[in-house]
Amino acid sequence: MLEKIQDLQQLRDRLRLFTAEREWQQFHTPKNLASALAVEAAELLEPFQWLKSGESEELSAEMQTAIRHEMADVLNYLVMLADRLQVDLIAAADEKIQLNAQKYPIQSARGSAQKYTEFHLQQESTS
């Protein structure tokens, strides 16, 4: 039995081994991995279709399992794509949070679902 994965590097290493054992590296181009990621993300959306909110009380045990598996597929393809393109996902996520903090300042964004470009339009019209 394989030991439990504890972090993204261990997941990356496990995926590298899994792929190498099957000689699948030839198929894992950035384009193919991005395409597979998009497909899996769409499959993640499917169980939520037609639900009122998708909160856990609306989901059967089977639906929760399917969602968990689709989430794993999305994560696995994302980690493989990051590995192929040499992207540090944690650093990229941190960078994006910092950028979003600039685009969505607390005083403008709190309690609002508007896109950041709308904040700028509102500020300009009140100036």
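Mentor: We begin with accessibility. A residue is called buried under 20% relative accessible area, exposed over 50%, and partly exposed in between. The model before us is predicted. Take aspartate 83: its relative accessibility is 25%, so this residue counts as partly exposed.

Trainee: With which residue does aspartate 83 form a salt bridge, and what is the distance between the closest N and O atoms?

Mentor: In general, side chains of opposite charge can pair when their charged atoms come close. Here the partner of aspartate 83 is arginine 16, and the closest N and O atoms are 2.6 Å apart. This pair links distant parts of the chain, for arginine 16 belongs to helix 1 and aspartate 83 to helix 3 (residues 61-85), 67 residues apart. Arginine 16 has a relative accessible area of 41% and is therefore partly exposed.

Trainee: Which salt bridge does aspartate 13 form with arginine 16, and how far apart are the closest N and O atoms?

Mentor: Between aspartate 13 and arginine 16 the closest N and O atoms are 3.9 Å apart. The cut-off for a salt bridge is 4 Å, so a contact at that distance is still counted. Both residues lie in helix 1, 3 residues apart, which is about one turn of the helix. Aspartate 13 has 36% relative accessibility and so counts as partly exposed.

Trainee: How many salt bridges does the count give?

Mentor: The count comes to 4 salt bridges. One of them joins the side chains of glutamate 21 and arginine 22, at 3.4 Å from N to O. Glutamate 21 counts as exposed because its relative accessibility is 56%, whereas arginine 22, at 36%, counts as partly exposed. Salt bridges that share partners also connect Arg12, Asp13, Arg16 and Asp83 in one network.

Trainee: How many aromatic pairs does the structure hold?

Mentor: The structure holds 2 aromatic pairs. In one of them, the ring centres of phenylalanine 18 and tryptophan 24 lie 5.7 Å apart with the planes at 70°, so the pair is edge-to-face. The reasoning rests on a cut-off: planes over 60 degrees apart count as edge-to-face. Phenylalanine 18 counts as partly exposed at 38% relative accessibility, and tryptophan 24 counts as partly exposed at 35%. The rings of tyrosine 104 and tyrosine 116 have centres 5.8 Å apart and planes at 80°, so this pair is edge-to-face.

Trainee: Where in the chain do tyrosine 104 and tyrosine 116 lie?

Mentor: Their pair links distant parts of the chain: tyrosine 104 is in the loop between helix 4 and helix 5 (106-109), and tyrosine 116 is in helix 6 (residues 116-126), 12 residues apart. Tyrosine 104 is partly exposed, with a relative accessible area of 29%. Tyrosine 116 counts as partly exposed at 24% relative accessibility.

Trainee: How should I read the length of helix 4 and the contact at its start?

Mentor: The expected span of a helix is 1.5 Å times one less than its number of residues. Helix 4 (residues 89-103) has 15 residues and reaches 21 Å from its first C-alpha to its last, close to the 21 Å expected. At the start of this helix, a side-chain oxygen of aspartate 88 comes to within 3.0 Å of the backbone nitrogen of isoleucine 90.

Trainee: Which residues make the nonpolar surface patch?

Mentor: The patch is made by Leu8, Leu75 and Ile90, and its area is about 250 Å². Leucine 8 is found in helix 1 (residues 8-21). With a relative accessible area of 31%, leucine 8 is partly exposed. Patch members need over 30% relative accessible area.

Trainee: What is the phi of tryptophan 50, and is this residue buried or exposed?

Mentor: Most residues other than glycine have a negative phi. For tryptophan 50, phi is near 75°, a positive value in a residue other than glycine. Tryptophan 50 lies in the loop between helix 2 (30-45) and helix 3, and at 78% relative accessibility it counts as exposed. Glutamine 86, not a glycine either, has a positive phi of about 55°. The place of glutamine 86 is the loop between helix 3 and helix 4, and this residue is exposed, with a relative accessible area of 74%.

Definitions and conventions
Residues numbered from 1 in each chain as written. Heavy atoms only, no water. Patch = residues over 30% accessible without salt bridge, like charges linked within 9 Å, V, L, I, M, F, W, Y side chains within 5 Å. Areas by Shrake-Rupley, 256 points an atom, 1.4 Å probe, with all protein chains shown as cover. Helix = DSSP H or I, 4+ residues; strand = E, 2+ residues; numbered from the N terminus. Buried < 20%, exposed > 50% of the residue type's maximum accessible area, 1.4 Å probe, protein only. Polar contact = N/O pair within 3.5 Å; in protein donor to acceptor, adjacent residues only side chain to side chain. Phe/Tyr/Trp six-rings, centres within 6.5 Å; stacked < 30°, edge-to-face > 60°.
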